[in-house]
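Please examine the sequence and the structure shown below before reading on.

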Amino acid sequence: MENSTEIVSFVLGAYGNIGQVKYLYFVIMLIWYLSICVANSVLIVVIYVDRRLHEPMYILLCNLFVNEIGGSTSLYPLMLSQMFSDFHEVTLPWCFLQMCFIYTSASVEFCSLAAMAYDRYVSICYPLHYNAIMSTVKVAIIILLIWIYSFINYIIPFSFVMGIELCGNLINKVFCDHRLVIKLACSVSLHNTVSDLIFAFTSIFVPFCFISVSYLKILSVCLNTSTENKKKAITTCTPQIVSVSNLFLGCIFHFVDSRIGVTHVPDKLRVLFSVYLLVCQPMITPFMYGLKLPKIKESCKRFLFDRK
């Protein structure tokens, strides 16, 4: 066992010494973060203002847009503040808080897409019973359960990290990562080793299976329906399929980088892969749903250009 001292902060080693380029990175990240907030906020306001969009699917979408802003806010402010720091330190409470927000947000993302897949399944496979099954009250309960489930999903594995004795404080990422914090422990128990796998199973694998089953059932129904209904199903389901595919790809990047390690990959590429989900997904979501779903697209046009 290594000698341990009291660790009061972590050093985020992936920033390195970027010199004067930090000003360019700061401006790019700030513009990107503000764009994420504006794009998602506009769609939230559009859905809130237009009563024609007060339907289960769009209420679930609002929850997804809120989560995109929340997930981005858990990353970008810290990254922006670190741009002008020479030491790139973050205190333990802030590091643990960031991990809690990032991982909870990831779980909410997958669970929200699972709820939306179920909504599309009911809408396409049981259209006559849709209003009874997916009422506004039931959707509100589903959203509340998503957040509670996601929070508990991370708090349980997170509790294993809180009490560990640390023998180092260098995290080779631009944000605090659960797996890399565990690697800094003086001794690692079986619970700590598999805690991130437990989180991945409950927050990613379970919702992904639910999504897959829903879309397989939708596909089986669409094969025996009219061409018009097929087009309608494709229009409403395509953004969700793109979102799930992108999330799955981002999770692979994160898992490989955190758990296996890819030392032969250039540092800048590793940093990009590690933040891929929180960079791309929050912008893909509003553009995919804002441009692909006809009702939202028309409402956005009225809200932004046709107001008198």
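The following questions and answers concern this predicted model.

Q: Which residue of S3 is the bridge partner of Val-11?
A: On the S2 side, Val-11 stands opposite Glu-89, and Phe-10 has Val-90 as its bridge partner. In S3, the bridge partner of Val-11 is Leu-170.

Q: Is Cys-167 buried or exposed?
A: Cys-167 lies in the loop between H6 and strand S3 (170–171). A residue counts as buried under 20% relative accessible area. Because the relative accessibility of Cys-167 is 19%, this residue counts as buried.

Q: What distance separates the C-alpha atoms of Cys-167 and Glu-6?
A: Along the chain, Cys-167 and Glu-6 are 161 residues apart. In the model, their C-alpha atoms are separated by 8.5 Å.

Q: Which element gives the most residues to the largest nonpolar core?
A: The largest nonpolar core has 43 residues, and Ile-47, Tyr-58, Leu-61, Leu-113, Tyr-289 and Ile-296 have the most contacts inside it. Elements that give two or more residues to this core include helix H1 (21–49), helix H2 (56–73) and helix H4 (92–125). With 12 residues, the element that gives the most is H4.

Q: How many residues does the second, separate core have?
A: This core includes Phe-10, Met-29, Phe-158 and Phe-175. Its number of residues is 42.

Q: Which residues does Ile-296 touch, not counting those up to four places away in sequence?
A: Ile-296 is one of the residues with the most contacts inside the largest nonpolar core. With residues up to four places away in sequence left out, Ile-296 touches Leu-43, Ile-47, Leu-53, Tyr-58, Leu-61, Tyr-289 and Gly-290.

Q: What does Ile-156 count as at 47% relative accessibility?
A: Ile-156 lies in helix H6 (residues 136–162). Together with residues including Val-137, Ile-141 and Phe-151, Ile-156 makes a nonpolar surface patch of about 830 Å². Values between 20% and 50% belong to the middle class, so at 47% Ile-156 counts as partly exposed.

Notes: Residues are numbered from 1 along each chain as its sequence is written. This is a predicted model: local features need pLDDT of at least 70, side-chain atom pairs count only at pLDDT 80 or more; totals for chains, interfaces and linings use all residues. Side-chain values use heavy atoms; hydrogens and water are left out. Patches are made of residues with over 30% relative accessible area and no salt bridge: like charges are joined within 9 Å, nonpolar side chains (Val, Leu, Ile, Met, Phe, Trp, Tyr) within 5 Å. Accessible areas come from the Shrake-Rupley method with a 1.4 Å probe; for residues, only the protein chains shown count as cover. A salt bridge is a side-chain nitrogen of Lys or Arg within 4 Å of a carboxyl oxygen of Asp or Glu. Helices (H or I, at least four residues) and strands (E, at least two) are DSSP runs, numbered from the N terminus. Buried means under 20% relative accessible area, exposed over 50%, partly exposed in between (1.4 Å probe, protein chains only). A nonpolar core is a set of buried Ala, Val, Leu, Ile, Met, Phe, Trp, Tyr and Cys residues joined through side-chain atoms within 4.5 Å. Contact means heavy atoms within 4.5 Å. Two strands pair if DSSP finds at least two bridges between them.
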